[in-house]
Amino acid sequence: MRRQTLPVILAVTLPFAAHAFESSQGDLTVTRMATNLDQPWAIGHVPGGGVLITERSGTLVHLRPDGSKIDVQGVPAVVDEGQGGLLDVMIPRDFAQSREVFLSYAARHDGMVGTALGKGRLSEDGTRLEGFQRIWQMVKPTNSGRHFGSRIVEARDGTVFLTIGDRGDRPSAQDLRNHNGSVVRLSRSGEIPADNPFIGREGIAPETYSYGHRNPQGAALDLQGNLWVAEHGAKGGDEVNRIQSGANYGWPVISYGVHYSGEKIGEGTSKAGMQQPEHYWDPSIAPSGMMVYSGKLWPDWKGNIFVGSLKFDYISRLSGSALKEVEQLQDTTTGRVRDVVEGPDGAIWFLSINKGALYKLTPN
């Protein structure tokens, strides 16, 4: 059920005192920016100071620059079942001109449920999405409520990447006739770019950019414009992957994890023609939300990867030419971290599911 749309008191007046958050860069200040969020999933910064927050139940919250928040109208109907619902939000670089907002979500079509992508224009007063339309949906939807993936990333060339999980059907991640377990690449209108890797290959879904993924719930561009994803393994084997056009990332043929039953997955940890992860976690941290830091406020963190952990309640910081976790940013505020993004001024923002809150980290 949607909440009644009401303004909320300024975030800074909430009963929360900003406090020191320990890190390798000294104490940081953590400030709560919004509370009373219902299963928050993603953050998008709007030029001018606002923030859009998705709630999995189907609400798009607009946290306005004055600290009040409202529910945006005109959001598509979503299937709020299992891991599905309203998922990612992406604000493109040309928002000041286009006012477009992209959303990914679990949608019903052909009587089944699959990952979909749509866009609409945020009204000048920020209260509604105008002209929202579904611009793309995965083929072969299922009745499963699992593994929708669903992070959206705008590439430097203006195309759009969307991650999709295997939908709980492991072998389908190796079946190029569908979109399960893939990263797809689309134009802003949902069309297929002419330079996609499988264009003209009969029987292969032409939107596919990479495949063999289990459930990528984190995605971001690095400072050179390369796409990276963080994805859930099974029991162990959560991965960080640098995405290459046309590459196969191995699921479920290779993995560093095991099935929840303890049984071996596939053929082992490597196979010719399948990519190795840049980093993997064992035990699993349940990664979700990912950003590569610019270095704006903390120069020593320039180029570092930050990933939220749903399982162990921290933000993982990864660095190095042989990528590894070098720090766990953890505090009473972190909880189950669903999304991590960099704000326009270099502050680090994160969403905590179990706290139902949005926080911001700044230098102390």
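Modeller: The model is predicted: local features need pLDDT of at least 70, side-chain atom pairs count only at pLDDT 80 or more, and totals for chains, interfaces and linings use all residues. Residues are numbered from 1 along each chain as its sequence is written, and side-chain values use heavy atoms, with hydrogens and water left out.

Where does valine 258 sit? Its place is the loop between β17 (238-242) and β18 (279-281). Strands (E, at least two residues) and helices (H or I, at least four) are DSSP runs, numbered from the N terminus. Valine 258 is partly exposed, because its relative accessibility is 29%. The scale is simple: buried is under 20% relative accessible area, exposed is over 50%, and partly exposed is in between (1.4 Å probe, protein chains only). Glycine 268 is 10 residues away from valine 258 along the chain, and their C-alpha atoms are 9.6 Å apart.

Now the charged pairs. The whole structure has 17 salt bridges. Each one is a side-chain nitrogen of Lys or Arg within 4 Å of a carboxyl oxygen of Asp or Glu.

Take aspartate 88 and arginine 151. Their side chains form a salt bridge, at 3.2 Å from N to O. Aspartate 88 is in strand β7, and arginine 151 is in the loop between β10 (129-137) and β11, so the bridge ties together parts 63 residues apart in sequence. Both aspartate 88 and arginine 151 are buried.

Next come glutamate 154 and arginine 93. Their side chains also meet in a salt bridge, with an N to O distance of 3.6 Å. Glutamate 154 lies in strand β11, while arginine 93 lies in the loop between β7 and α1 (95-98); this pair links distant parts of the chain, 61 residues apart. Glutamate 154 is buried, because its relative accessible area is 11%. Arginine 93 counts as exposed, because its relative accessibility is 52%.

One more pair: arginine 317 and glutamate 327. Their closest N and O atoms are 2.8 Å apart in a salt bridge. Arginine 317 is in strand β21 (residues 315-319) and glutamate 327 is in strand β22 (residues 324-329), 10 residues apart. Arginine 317 and glutamate 327 are both buried.
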